[in-house]
Amino acid sequence: MINPKIVLVGAGSVVFTQGLLADLFAFPELRTAHIALHDIDAERLATAEAAARYIAGKRDAAVRITAHADRRAALEGADFVINIVQIGMGEATRTDFEIPARHGVRQTIGDTLGVGGIFRALRTFPFLKALGEDIAAVCPEAWLLNYTNPMAMNVQYLVAATGLTRVVGLCHSVHWTMHDLCALLKVPFEEVTYRAAGVNHQAWVLRFEHDGTDLYPRLDALIAEDEQLRRRVRVDMYRRLGYYPTETSEHSSEYVPWYLHHDSEIERLRLPIGAYLGIVEENVAEYERTRDALASGACIDVEGTMEYAPQIIHSMVTGTPRTVYGNVPNRGLIENLPAHGVVEVPCLVDRSGVQPTRAGALPPQLAALNRTYLSMNDLVVRAALEDEPRHIRHAAMTDPATAAALRVEQIWELCDDMVRAHADRLQPALRATLGS
């Protein structure tokens, strides 16, 4: 792969596209790549192309940049496909929050588990199946690097529904958790040894050392003397479970039954209900600022974001060995989690591809939470694979936060309302309403 072809599907997510391109063009070996951009929104695609050309100029990259409304044309001959699509965009996300809220279900992010995660997955699956079919037809040797949430559900579905094997899900939560923990303890990130494993947005820091010394006791001491630190969900979970979770408090609160159902816990732990809606609005505003800046000839951001996809591509092109965290089918990587589930583990990367490493068994209290997470995922995936609308309700019944908030008949009523709202984006067999 002298000049690899890298396709960004959903490139109209311009802010994320900018960061990925800045990371890619930071590597001299990738400055002659072919960057193919695809999006179904003509204005956003044009903005992404303009941003790509601007960043390439700032990075002195002699890349070939093409923009495609047709997905297969973009994918033809690809070596790497980066998926950053969000089906339904902000409108669907608002639905994911507003309808559950009317039924009494609180969410903060709504993109991984819970009612929001279930329906984000179900409206994404038809797209993923079509994308997989296109890859199999025109670039069967390409690596599909997925950023679209819900990560674990999407990767499980992709593998099961399309037969693709060169698929890995990528998320920055492990990297930034460790980066921020090092800043908190005033230890250089580059000097720390760490290892994490679990599932996406609910993995665990199993090892955290500096010069061979365990850093957890220093973290314990800091937490003991800082009341404000103790007013965070992930710190509360760490104190009770013994291992630090790799996702924010807003995310972590949604995957367990202990916090969002209780007003006192929301206040104590400062949980921002509906926080993701603000992020959606800011993303739209940032896109509009970028579009307007490019149109007027003003400067835009060209800073890198330390994402894994550019690192993986660089390692596979150059043979430079790296360790990244990837979401892949378990198949014994974590022995006390289901084999068919998707887990997040360290992966070695070089010319031969992404090679997951075995993590062994998780501590039982961590595996117990991860198994519930994977059980819910499995029901959502099975709903789509088997055209079984009842499994949508079974998944919501299994979800800890939803089950803590609602009686079972209320869960079914909520699912019916969500199906009605998202019906045009669901596969036909899943559009049925079943009553309570």
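How do the residues of the lining of the second largest pocket divide into nonpolar, polar and charged? The tour returns to this question at its third stop. The structure on the screen is a predicted model.

Select residues 34-38, which form strand β2, and residues 64-68, which form strand β3. The two strands run parallel and are joined by 5 bridges. Within this pair, His-34 stands opposite Arg-64 of β3.

**Second stop: a cis peptide bond**

Move to Asn-149 and Pro-150. The peptide bond from Asn-149 to Pro-150 is cis, and its omega is near 0°. To place Pro-150, display β5 (143-146) and α6 (151-162): the residue is found in the loop between them. As background for this stop and for two later ones, most peptide bonds are trans, and most residues other than glycine have a negative phi.

Select Tyr-194, Tyr-308, Thr-323, Val-324 and Tyr-325. Among the 14 residues that line the second largest pocket, these lie nearest its centre. The elements that give two or more residues to this lining are β7 (192-199), α13 (308-318), β11 (322-329) and β12 (342-350). Colour β11 separately, for the largest share of the lining, 4 residues, comes from this strand. The space in the pocket amounts to about 260 Å³. The opening question can now be answered: the lining of this pocket has 8 nonpolar, 4 polar and 2 charged residues.

A hairpin through 2 residues joins β12 to β13. In this pair, Leu-348 stands opposite Gln-355 of β13.

Select residues 197-402. UniProt, in an unreviewed entry, places here the feature "domain: Glycosyl hydrolase family 4 C-terminal". Over this range the chain is 47% helix and 18% strand. Its end C-alpha atoms are 25 Å apart.

Next, select His-201, which is found in the loop between β7 and β8 (202-210). His-201 has a phi near 70°, a positive value in a residue other than glycine.

Select residues 364-385, the 22 residues of helix α14. What distance does α14 reach from its first C-alpha to its last? The helix reaches 30 Å, close to the 32 Å expected at 1.5 Å a residue. When viewing the helix from its end, recall that an α-helix has 3.6 residues a turn, so residues three or four places apart point the same way. α14 is followed by Asp-387, whose phi is positive, near 50°.

**Last stop: the cavity**

The structure holds 1 cavity of 30 Å³ or more. The volume of the largest cavity is about 70 Å³. To find the largest cavity, select the residues that line it: Val-105, Arg-106, Gln-107, Leu-113, Gly-114, Glu-254, Leu-260, Asp-399, Ala-401 and Thr-402. By class, this lining has 4 nonpolar, 3 polar and 3 charged residues.

Terms used
Residues numbered from 1 in each chain as written. Predicted model: local features only at pLDDT ≥ 70, side-chain atom pairs only at ≥ 80, totals over all residues. Heavy atoms only, no water. Pairing = 2+ DSSP bridges. Expected span 1.5 Å × (residues − 1). UniProt positions renumbered as here; feature names shortened; annotations may be inferred. 1 Å grid on protein atoms, 1.4 Å probe; cavity = no way out; pocket = protein on both sides within 12 Å on 5 of 7 lines; lining within 4 Å. Points joined across faces, edges and corners; volume = space filled by probe spheres on them. Nonpolar A, V, L, I, M, F, W, Y, C, P; charged D, E, K, R; others polar.
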